[in-house]
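Open the model in your viewer and switch to a cartoon view. We will go from helix to helix, selecting as we go.

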Amino acid sequence: MSKPVQNPLNNGSRAPEARLNAICPYFTMFPLDFPLGILGSAAQAGEWVLDPFCGRGTTNFAARLLGLPTIGVDSSPVAVALSQAKLVSPSVEEIMDAARRALDERAEPEDVPCGEFWELAYHQSVLKDLCRLREALLADCRSPARIALRAIILGALHGPQSRSYPSYFSNQAPRTYAPKPAYSVRFWRENSLLPRKVDVLEVIRIRAERYYGEALPSVPGQILSGDSRNPGIIARIRQLFDGQVRGFSWVITSPPYFGMKTYVPDQWVRNWFLGGPPVVDYSVDGQMSHTNPEKFCDELHETWKNVGALCTPGATMAIRFGCINSRKIDPLEIMERSLAETGWAVHRVVAAGSPKRGKRQADHFLRAAPGPPLEIDVYAMWEEDRRRNPVGWI
Ligand SMILES: C[S@@+](CC[C@H](N)C(=O)[O-])C[C@H]1O[C@@H](n2cnc3c(N)ncnc32)[C@H](O)[C@@H]1O
């Protein structure tokens, strides 16, 4: 007999237990209330939740808050590191101990990036500490404390300088996007801004207390670094289940918005911390193609088929999707085309974040609006193998 999930949060995403979700900013992430609302109202205890484009792990974190087992996949190293941190539960002491040990492992870092950008972005001693931490975490980041520490550092790498206590390691910089080198150097010079000598361990402690100070449920789950377009992802995930699980009942996801292809270059400093080069990295390995809508649709089509192959009959998929302003493309058209003949039956489309309306109403509402709507929520049900395999895929 299945049981509805318990939602322990009185205040939804404003509850202290939800703070961990904000450990580091990301792009085009959806609000925690989106997956929390869907799962909280309809999921049953024990049902598995998947996000094939997990970004900073919002869906996986919502599942965890509700005690549901979950898997996330993303091809960006920053996304994987952040999402992994949403599933661990080290204590603040364990994180601080991991930070001190990581610093002790290397008195001198082997590799310190040089040049005008790095000289002005970080105080010399801060940069040295960051490099010591980076090298230690690159050598070993298996424990929950190290996974949490890595995400805490990613979230503190760049941001505004506060007048009171420092909350970021860098000179004045944006917190979401990595500072672009030439622009930042000019800005810092014109405004005579020099990086401060911040206490690296103190910044980590304040953040550890904020993000890991609350007790959270532990759930079975994993975050995989991978390409969801590739059918190989099916075997990798099935192997994790080891024949124990019927499949996913819920998929809550948000593919890259059409035209948004800079997830890696816009995060280049965080990417450097994870082992990438100390310069803006324009590679698009593993990222969806944005050259034209047809290719984008084809790639999404493959992804929806892969996802379906991992789902139980009747599974629900909720997709938030949009197109960036400069591309005059209708997101609804892309969704309908990519989902056609995949085994997913669309039953509801609404403007993103609005209460659920029926598809016909939504069609009318969305298509009647002037210009393409920017963001939509699409709800679909997995119907493909309901007759052939009524108990799921194991
Ligand atoms: C819109 S973001 C997801 C944001 C997420 N919903 C959140 O709340 O953080 C889309 C994500 O898809 C990832 N991505 C792009 N192409 C991918 C692919 N082929 N396989 C897996 N992930 C991919 C990007 O790295 C990005 O993190």
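Select α4 (92-105) and α6 (124-139). In this predicted model, the two helices pack at an angle of about 95°, with their axes 8 Å apart. Angles of 65 to 115 degrees count as roughly perpendicular, so α4 and α6 are roughly perpendicular to each other.

Now show the side chains where they touch. On the α4 side, pick Ala 99, Ala 102, Leu 103 and Glu 105. They meet Asp 129, Arg 132, Leu 133 and Ala 136 in α6. Sort this contact by class: 5 residues are nonpolar, 3 are charged and none is polar.

Which way does α4 run relative to α9? The angle between them is about 150°, and their axes lie 9 Å apart. That makes α4 roughly antiparallel to α9, since angles over 145 degrees count that way. The crossing of α4 past α9 is right-handed.

Next, select the residues in this contact. From α4, take Val 92, Ile 95, Met 96, Ala 99, Arg 100 and Leu 103. From α9, take Leu 201, Ile 204, Arg 205, Ala 208, Glu 209 and Tyr 212. The contact of α4 with α9 has 9 nonpolar and 3 charged residues, with no polar ones.

Move to α7, residues 144-156. This helix has 13 residues. From first C-alpha to last, α7 reaches 19 Å, close to the expected 18 Å. How many of its residues are buried? The count is 12 of 13, so α7 is mostly covered. Among the buried ones are Arg 146, Ile 147, Leu 149, Arg 150 and Gly 155.

Last stop: select α2, residues 58-65. Is this helix enclosed or open? Here 8 of the 8 residues are buried, so α2 is largely enclosed by the rest of the structure. Click through them: Thr 58, Thr 59, Asn 60, Phe 61, Ala 62, Ala 63, Arg 64 and Leu 65. Their cover includes the helix α1 (33-42). It also includes the strands β1 (48-51), β2 (70-74), β3 (221-225) and β4 (248-253).

Gly 67 follows α2, and its phi is positive, near 75°.

How values were computed:
Residues are numbered from 1 along each chain as its sequence is written. This is a predicted model: local features need pLDDT of at least 70, side-chain atom pairs count only at pLDDT 80 or more; totals for chains, interfaces and linings use all residues. Side-chain values use heavy atoms; hydrogens and water are left out. Helices (H or I, at least four residues) and strands (E, at least two) are DSSP runs, numbered from the N terminus. The expected span of a helix is 1.5 Å times one less than its number of residues. Buried means under 20% relative accessible area, exposed over 50%, partly exposed in between (1.4 Å probe, protein chains only). Contact means heavy atoms within 4.5 Å. Axes are lines fitted to C-alpha atoms, for helices over the stretch in contact, and angles run from 0 to 180 degrees between N-to-C directions. Angles under 35 degrees count as roughly parallel, over 145 as roughly antiparallel, 65 to 115 as roughly perpendicular and the rest as oblique. A crossing is left-handed if the near helix is turned anticlockwise from the far one by less than a right angle, and right-handed if clockwise. Ala, Val, Leu, Ile, Met, Phe, Trp, Tyr, Cys and Pro count as nonpolar, Asp, Glu, Lys and Arg as charged, and the others, Gly among them, as polar.
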